[in-house]
Amino acid sequence: KTRTMEGKMMDLEARRSGAASRQKALLVYVALMLLAVPVWWRTTEVYRAYLPFDSLPEPMDNSAALGEALTALWSQKPTPQPFAIVRIGHDVIRGMMKDCELAKELPQFRHRFDTLMRWQEMHGEMEDGVGSCKGMFTALDEQCGNVASAHKLDDAHTQLSNVEKRLVNVVRNPNTTLEEAIPLFKEFAEQNEAHLKKEEGVMMPCVKTLMEGDVNVKKLLQQDVMPCIWDRPDFVFFVEAAARTLEKHSETEPKARSWLHALRTLAPYERWRTYLPNIQSGLTAPLYAQIDAEIDLSATKPQPPPVPLLKISLVVSASLLAESEANSSTLRDKAAKWLTKEVSRRLTPQDGVKVQVRGEAEKEELPSNLESEEDLDSFFAKSQGAIARNTLRIHLLPAKSGQEDGGGGCLMMGT
């Protein structure tokens with residue numbers, strides 16, 4: 001009995017000890033909930049600004065607005081990138097090299113290889129320059145601190161030409177087989193690809209800098225690059241082969257359109273019209289129609305914008321004529337000639353403004369009490385109807401007493 005009672009007492013103590021432990025654990029959890037949760041909530045609180053929802057207008061139907069925005073975006077014409085004539089020219093070369101590697105027979109390989117060599121020769125002349133035409137490399141040297149010479153882009157062409165010569169000798173040997181030509185061509189293709197990537201790594205950052213600055217890249221290409229090959233009799237081949245190759249190898253990118261858009265931007269209208277038949281021959285009918293709709297390949301000759309005309313009505317006051325020994329027409333002609341010279345020398349060709357000065361006698365003497373700007377404004381407001389639009393009216397008056405130069409003063413009014 002004594003052992004039984006002791007066992008019961010031990011069981012009771014064990015249950016009491018377990019209950020106490022559970023209570024302590026529960027208190028710890030409660031303390032964490034009461035302390036940690038508010039701290040966490042406060043430290044992760046996100047500030048929410050008050051918005052005056054009551055004064056905001058009702059939400060609009062965004063689907064209609066989005067549709068209009070997308071329609072406007074899709075209707076925009078692509079922007080021409082003139083340098084694409086050089087950069088995408090590299091992709092023409094890459095496409096032609098793929099065609100050579102896929103040739104199944106030696107005659108087919110020879111034809112494709114000759115096309116590649118002919119096209120790349122013209123592309124190289126655009127970069128190296130011919131005669132008085134600088135070429136792309138020299139133009140970049142002048143604009144970007146000898147960047148082409150520093151990276152020896154010309155040397156890469158020389159090294160590549162040595163491999164070309166060996167390959168040409170093998171290809172044109174009547175005893176050569178396709179199995180002998182392809183391995184040597186692959187060696188040439190690897191060097192050619194390396195040279196293309198090197199040029200892109202040098203030229204693209206430089207051209208981007210020029211475009212972001214004040215340099216007119218389009219004008220640079222028109223003056224220093226395209227004249228190198230404009231007058232070649234086989235330039236139409238250059239255009240047709242590029243269009244055909246870019247359509248075949250551009251996949252989802254509009255490279256054919258971009259290259260043709262650059263050419264259309266750079267070429268004079270008369271030249272461009274002669275290229276259209278070759279472009280149609282180089283492209284499939286659906287792609288030609290698509291590109292024509294996007295950039296208007298067959299556009300009519302653009303009309304030059306009208307040249308703004310600055311008209312100046314030179315009015316000689318009666319009082320000035322009275323003080324001058326010359327007659328009125330002589331004085332007006334002399335003043336008009338001087339004024340035309342002074343205005344014209346302040347205009348540059350980029351302003352695109354012509355100056356026309358017309359002298360006339362003043363029918364009505366200016367009031368003598370025009371001393372302040374308010375007086376002038378009031379007087380000219382009354383005479384507005386007698387002055388033509390877009391005309392600057394200049395009144396030549398006698399100098400006021402006390403002026404050191406003794407010359408005539410001017411009152412100017414623009415409408």
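Reply: One definition comes first: a residue is called buried under 20% relative accessible area, exposed over 50%, and partly exposed in between, using a 1.4 Å probe and protein chains only. This is a predicted model, in which local features need pLDDT of at least 70 and side-chain atom pairs count only at pLDDT 80 or more, while totals for chains, interfaces and linings use all residues. Residues are numbered from 1 along each chain as its sequence is written, and side-chain values use heavy atoms, with hydrogens and water left out.

Me: Is arginine 166 buried, partly exposed or exposed?
Reply: Arginine 166 lies in helix α7, which covers residues 153–171, helices being DSSP runs of H or I with at least four residues, and strands runs of E with at least two, numbered from the N terminus. Its relative accessibility is 41%, so arginine 166 counts as partly exposed.

Me: Which residue does arginine 166 meet in a salt bridge?
Reply: A salt bridge is a side-chain nitrogen of Lys or Arg within 4 Å of a carboxyl oxygen of Asp or Glu. The partner of arginine 166 lies in helix α8 (residues 178–212), so the pair ties together parts that are 21 residues apart in sequence. The N to O distance is 3.5 Å, and the partner is glutamate 187.

Me: How many residues apart are aspartate 99 and lysine 248?
Reply: Aspartate 99 and lysine 248 form a salt bridge, with their closest N and O atoms 3.0 Å apart. The pair links distant parts of the chain, since aspartate 99 belongs to helix α3 (residues 84–101) and lysine 248 to helix α10 (residues 235–249), and the separation is 149 residues.

Me: Which relative accessible area makes aspartate 99 count as buried?
Reply: The salt-bridge partner, lysine 248, is exposed, with a relative accessible area of 51%. Aspartate 99, by contrast, is buried because its relative accessible area is 10%.

Me: How far apart in helix α8 are lysine 197 and glutamate 193, in helical turns?
Reply: Lysine 197 is exposed at a relative accessible area of 53%, and it forms a salt bridge with glutamate 193 in which the closest N and O atoms are 4.0 Å apart. The two residues are 4 apart in helix α8, so their separation is about one helical turn.

Me: Are helices α11 and α12 roughly parallel or roughly antiparallel?
Reply: Axes are lines fitted to C-alpha atoms, for helices over the stretch in contact, and angles run from 0 to 180 degrees between N-to-C directions. Helix α11 (residues 255–266) and helix α12 (residues 269–282) pack at about 160°, with their axes 10 Å apart. Angles under 35 degrees count as roughly parallel, over 145 as roughly antiparallel, 65 to 115 as roughly perpendicular and the rest as oblique. The pair α11 and α12 is therefore roughly antiparallel.

Me: Where does aspartate 296 lie?
Reply: Aspartate 296 is not a glycine, yet it has a positive phi of about 60°. At 35% relative accessibility it counts as partly exposed. Its place is the loop between α13 (285–295) and β1 (309–316).
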